[in-house]
Amino acid sequence: MSPCYLRFWGVRGSYPAPFATHMRTGGNTSCVEVRCADHVLIVDAGTGIIPLGARLVEQDAVREVAILVTHYHWDHISGLPFFEPAFTPSWTLRFFGPGNTEMEVAEALSEQMRAPYFPVETETWLADVHYLHAKDGTIEHGPIRVTPFHVHHPGTTFGFRIEVAGHTVVYVSDNELLFLDAPIDQRLEESDLDTGEHELLVQMKEEAKRASLQPFLDADILIHDSQYTREDYARKRGWGHSCYIDTVNCAIDARVGQLYLYHLDPSYPDTQVDALHREAQEIIRRRGSALRCEVAREGLVIPL
Ligand SMILES: [Zn+2]
Ligand SMILES: [Zn+2]
C-alpha cells in the first residue's frame, strides 16, 4: 500500500445504517483516515472510528493521532466512547473542533460520556489528550496541513482543506450548498423585472454562488455532503444538507478533479445510491466535464 492514502471508515450521515440492503455502501457514520507514512489524521469520529481505532491498536505502528471533528452532531462524535486508543496507555490524541478555548472543545466532546448517557467518562481515558481550537488557525500534523473554514450547517460547522503528499483534499461532510439561494429566490419572485432591485438580486445570487465555490476551487479531491435526492431536498431545505445534484454541479464549477459523494442518507439502500451515482455521471457527461465522480464507500482506499 502507498505510504500516503485516504480511507473511508464511515460514509453515512445522520445515523448508522447496518442493514443488509446498505452493505455495499456501508453503514457507519462519518470518519475518514488520512495517512502519510507514520502520521495519522482522522477526520470526524462517527461510528467509523471504532473499527479504525481497533485497527490502529492492533497494528501498533503509531501511537499518536490527530482527530478533527467538523462539528458535534452525534453522527460525527458517537464513535469516540468506543475508540480504543483513548483507553490505551502511551497513546497521544490531539483533538480539534469548533470552540474558542481548549475547555469548550473538551466539554463538547466529553458531554456524551456523562451519566446517565454513558457508564464511563473521558476522565477514564488513559491516553495523553490535548485539545486544539479554532483560534489556533492552521493545523499541522507531520507533513499534513489543514485549514478549517466555515460551512452552511446548523451551529458552528467546519469544512477542512487538507494539503497532503502534494494533493489538496477538501472535506465537507455537512453543508447546504444552496443555503443562501432560498431567501434570494423568494425576493426575486416578489421583485419587479424592470426595477434595479431585480438586477441587484441576480447579482447577489451570483456572488453567493462564487462564495460557496471558493473553498473547493481546484481541489484534487472533494469529499462532500450529497445527502439528498432532489425530492428529499425539496422537503428538507434549510436542514443543512445538499442535494447530490448541487454537489456535482458545484464540483464541476470549482474545477475539482475527483468528487466523492459522501454523508449519504441512511435511508437509501445500495440500489438508490447506485441510481444517484448514475445520474451524477449523466450530469457530468451532459456538461462535458472531465470531473471524475465516485460514491464514497466504506473501506475504499485512495492512494495519494
Ligand atoms: Zn452529519
Ligand atoms: Zn450535522
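Strand E3 (39-43) is largely enclosed by the rest of the structure, because 4 of its 5 residues are buried, where buried means that 20 or more other C-beta atoms, placed from the backbone, lie within 10 Å of a residue's own, while exposed means 12 or fewer and partly exposed the range in between. The model is a predicted one, in which local features need pLDDT of at least 70 and side-chain atom pairs count only at pLDDT 80 or more, whereas totals for chains, interfaces and linings use all residues. Residues are numbered from 1 along each chain as its sequence is written, and chains are lettered from A and ligands numbered from 1 in the order in which they are written. Helices (H or I, at least four residues) and strands (E, at least two) are DSSP runs, numbered from the N terminus.

On one side, E3 pairs with E2 in the antiparallel sense over 5 bridges, pairing being counted when DSSP finds at least two bridges between two strands. Within this pair, Val34 stands opposite Leu41, and Cys36 stands opposite His39. The two strands form a hairpin with 2 residues between them, and Ala37 in the turn has a positive phi of about 50°.

With E4, in contrast, E3 pairs in the parallel sense over 4 bridges, and here Ile42 stands opposite Ile67. The chain crosses from E3 through H1 to E4 in a right-handed β-α-β crossover, a term used when, with the strands pointing away from the viewer, the path from the first strand over the helix to the second runs clockwise.

Helix H1 (residues 49-59) has as its buried residues Ile49, Ile50, Leu52, Gly53 and Leu56. They cover an arc of only 160° around the axis, which puts them on the same side of H1; the arc is that of the directions from the helix axis to the C-beta atoms. These buried residues pack against strands E1 (4-10), E2 (31-36), E3 (39-43) and E4 (64-68), and two residues are in contact if their C-beta atoms, placed from the backbone, lie within 7 Å. The face of H1 turned away from the buried side carries the exposed residues Glu58 and Gln59, and the helix is followed by Asp60, whose phi is positive, near 55°.
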